[in-house]
Amino acid sequence: MNTLAHAGPGPWVLFFPLVWAAVVIGIVTVARRVGRRRGRPWRDSGPDERSPIALLGHRFAAGEIDEEEYWRRLSVLEEQFGRAADPKGRRT
């Protein structure tokens with residue numbers, strides 16, 4: 001009689017979970033790199049620091065423009081870039 005046929009699957013069965021883990025990690029890594037190349041980060045990093053509204057905020061914070069000019073320019077930028085505002089004038 002052949003005793004190897006009844007010995008069970010053996011230690012090589014433990015290798016399959018490691019293979020599946022490697023496959024999943026590989027897919028996630030490739031998806032993250034492809035997303036970054038297309039300009040879409042994996043996680044939303046918030047507003048773009050090079051947007052005109054962000055640049056206006058930096059200029060105001062640095063003291064280059066006063067509050068009146070800041071609000072005037074911000075209203076023009078919000079109209080141009082389509083920022084929504086509720087009836088009380090607050091951004092949504």
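A residue is called buried here when its relative accessible area is under 20%, exposed when that area is over 50%, and partly exposed in between, using a 1.4 Å probe and counting protein chains only. Keep that scale in mind, as it comes back for each residue below.

A word on what you're looking at: this is a predicted model, so local features need a pLDDT of at least 70 and side-chain atom pairs count only at pLDDT 80 or more, while totals for chains, interfaces and linings use all residues. Residues are numbered from 1 along each chain as its sequence is written, and side-chain values use heavy atoms, leaving out hydrogens and water.

Let's start with the overall layout. The protein has three helices and zero strands, which gives the pattern α-α-α when you read along the sequence. Helices (H or I, at least four residues) and strands (E, at least two) are taken as DSSP runs and numbered from the N terminus.

Now for burial across the chain. Of the protein's 92 residues, 11% count as buried. The protein exposes about 8400 Å², with carbon and sulfur atoms supplying 60% of that area; accessible areas come from the Shrake-Rupley method with a 1.4 Å probe, and for residues only the protein chains shown count as cover. As for contacts (heavy atoms within 4.5 Å), take those in the protein with a separation of 6 or more: residues 24 or more positions apart account for 12% of them.

On to the charged pairs. A salt bridge means a side-chain nitrogen of Lys or Arg within 4 Å of a carboxyl oxygen of Asp or Glu, and by that rule the count is two.

One of them joins Glu64 and Arg59, whose closest N and O atoms are 3.1 Å apart. Glu64 counts as exposed because its relative accessibility is 54%. Arg59 has a relative accessible area of 31%, so this residue is partly exposed.

The other salt bridge pairs Glu69 with Arg73, and here the closest N and O atoms sit 2.6 Å apart. Both residues belong to helix α3 (residues 67-81), where they are four residues apart, about one turn of the helix.
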